[in-house]
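Here is a short report on one protein model. It starts with single residues and ends with the whole chain.

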Amino acid sequence: MMLRKTFDNLPNSLPFLVVSAVAVVLFYPTWFRLGTIWLEFEQVLAHGLATAVIFLGMLMIHPPRPAGGTSGLLLKPYHLLGGIALIGVTLVWLLLELVRIDTLAYLMLPAGVMAVSWTLLGLKKALSFLPYVALLSLSLPFWADLVPPLVSLASVVVGSWVRLFGMTALIEGNSITLPYGRLLIADGCSGIRYFAISILLAMMTSILNDYRWKGWLITVVVAMLIGLVANWVRITILVFVAYETNMQSDLLTDHETMGWIVFGAFILPALYFSPVRKRSKANQQPTAIKLNIAKAGIPALIIAVLLGPVALTLAQTSAGQQAPWALELDGFQARGESAELPLPITLPSLLDQKILKAGNTAVSLAQSQKTTADDKLVPYLPPIFDNSTWQIEERMGPGISLYLNILTRDRVLMAQWYQVGSRSSLNYRKAKLLQIPATLTGENRFALVTIQVPCRDRDCGDELSRLERIKTMVETQL
């Protein structure tokens, strides 16, 4: 039955399958990297490969139905704007791929699929294809960026619920200290898997029911709330168990199954009671297989190929080696990579770290260079210190924060910024964007600069003044 249904739908599915294949070829380097990420099955993207398979399955068993509307613009099989959009998307992708800003390059993939669809099939069919492309977008590796805000939100909500139920607990950020121990709402408690799967199920439901945009948005928003609430309830249950068992329950160390049970208790009723609409047979297209690709879109596609993968191959060259940065600060002595910092940080091995110390004040310069076309100018930096122990007590100025160790109550002033060639940024994401002008001007050096001063006084006034003086001296040498 499923095979017969797939064959009957092939005339409607084939144009979109061809468009998807063309988009994969056009943006092949990024799709290839995305495929390798899918096969790693990391926690935040374990659903990536399954989502891609679901996308193809949806196209074959429930292909897009043409969007409504009878305007001349929608009825044209090809429109000049589609070709312009495709060329524009290709140029942006080329620039992002050239400087290896992977996150933004991945986000260009669905835009590329839509642009190819608009160019070859027309705007009307492209609009009907949009919900499917939105579903495919869930396979992109942007979920890790949602983990910190989800952890923060869970900490606020669960902390409020703990206070509401009158439990004796000290709540500091994502740390909940109970009379017999401490619970940490870490990255694994973000609920990102429940959140992602809820949205995936909502999009599948919307596509199968041919929802209009209002129903589609309502379904997705409700699914997001279900994923969030289910995770908050799961964490609250763990806090209750820890409180009532004096931290002795095995559930605190092995709660994977319990989490999915809680999630199922929320999502299954929602799926059961969601409206079901069957597509009318009157809307089915004739069974004759016909591709219906607009020949007028071929020139724009050829230009996109020349400006995309061909230009990328010609433009990728190895960067020349430059002298590394060196700091010379009066009164500071080099202590090597093994020197201890007041607030310990852990850096990737590809960064060459040098530490200068004067008394209890430390300056860390960790740098790298882009030497090949495949290297990233600004490398991936995971959290560099233990945020379960060290938390921001107060922001003292641009790029300067006062950190508190919630266990020892030690306080450390820290200034930190990113140096990308001759440009600097206090924000990691902005530093990633600075790769574009740095690469275009031939700059290939990156550094993470950290200055730390332990604070003993109540207001840290003297330590702040000393840190700002050192920061100025360092900036003049970079």
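Lys471 touches Pro398, Ala415, Trp417 and Ile451, leaving aside residues up to four places away in sequence. Contact here means heavy atoms within 4.5 Å. Lys471 lies in helix H15, residues 461-476. Because its relative accessibility is 14%, Lys471 counts as buried. Buried means under 20% relative accessible area, exposed means over 50%, and partly exposed lies in between, with a 1.4 Å probe and protein chains only.

This is a predicted model: local features need pLDDT of at least 70, side-chain atom pairs count only at pLDDT 80 or more, and totals for chains, interfaces and linings use all residues. Residues are numbered from 1 along each chain as its sequence is written, and side-chain values use heavy atoms, with hydrogens and water left out.

Trp38 is found in helix H2, residues 28-40. Trp38 touches Trp31, Leu45, Gly48, Leu49, Ala52 and Ser139, again not counting residues up to four places away in sequence. Trp38 and Gln416 are 378 residues apart in sequence and 33 Å apart in space, C-alpha to C-alpha.

Next, a sheet. 3 strands form an open sheet in the order E1-E2-E3, with antiparallel pairing. Strand E1 (170-172) and strand E3 (181-184) stand at the edges, each with a single partner strand, so one side of each has no neighbour in the sheet. Neighbouring strands of this sheet are turned by 20° against each other on average, direction ignored. Two strands pair if DSSP finds at least two bridges between them. E1 and strand E2 (residues 175-178) are joined by 3 bridges and run antiparallel. Ile171 stands opposite Ile176 in E2.

Helix H10 (residues 213-244) lies across E2 and E3, running at about 25° to E2. Axes are lines fitted to C-alpha atoms, for helices over the stretch in contact, and angles run from 0 to 180 degrees between N-to-C directions.

Now the whole chain. The protein chain has 15 helices and 11 strands. Both are DSSP runs numbered from the N terminus: helices (H or I) have at least four residues, strands (E) at least two. The C-alpha trace spans about 80 × 60 × 35 Å along its principal axes. Of the 478 residues in the protein chain, 47% are buried. Among contacts with a separation of 6 or more, 73% are between residues 24 or more positions apart.
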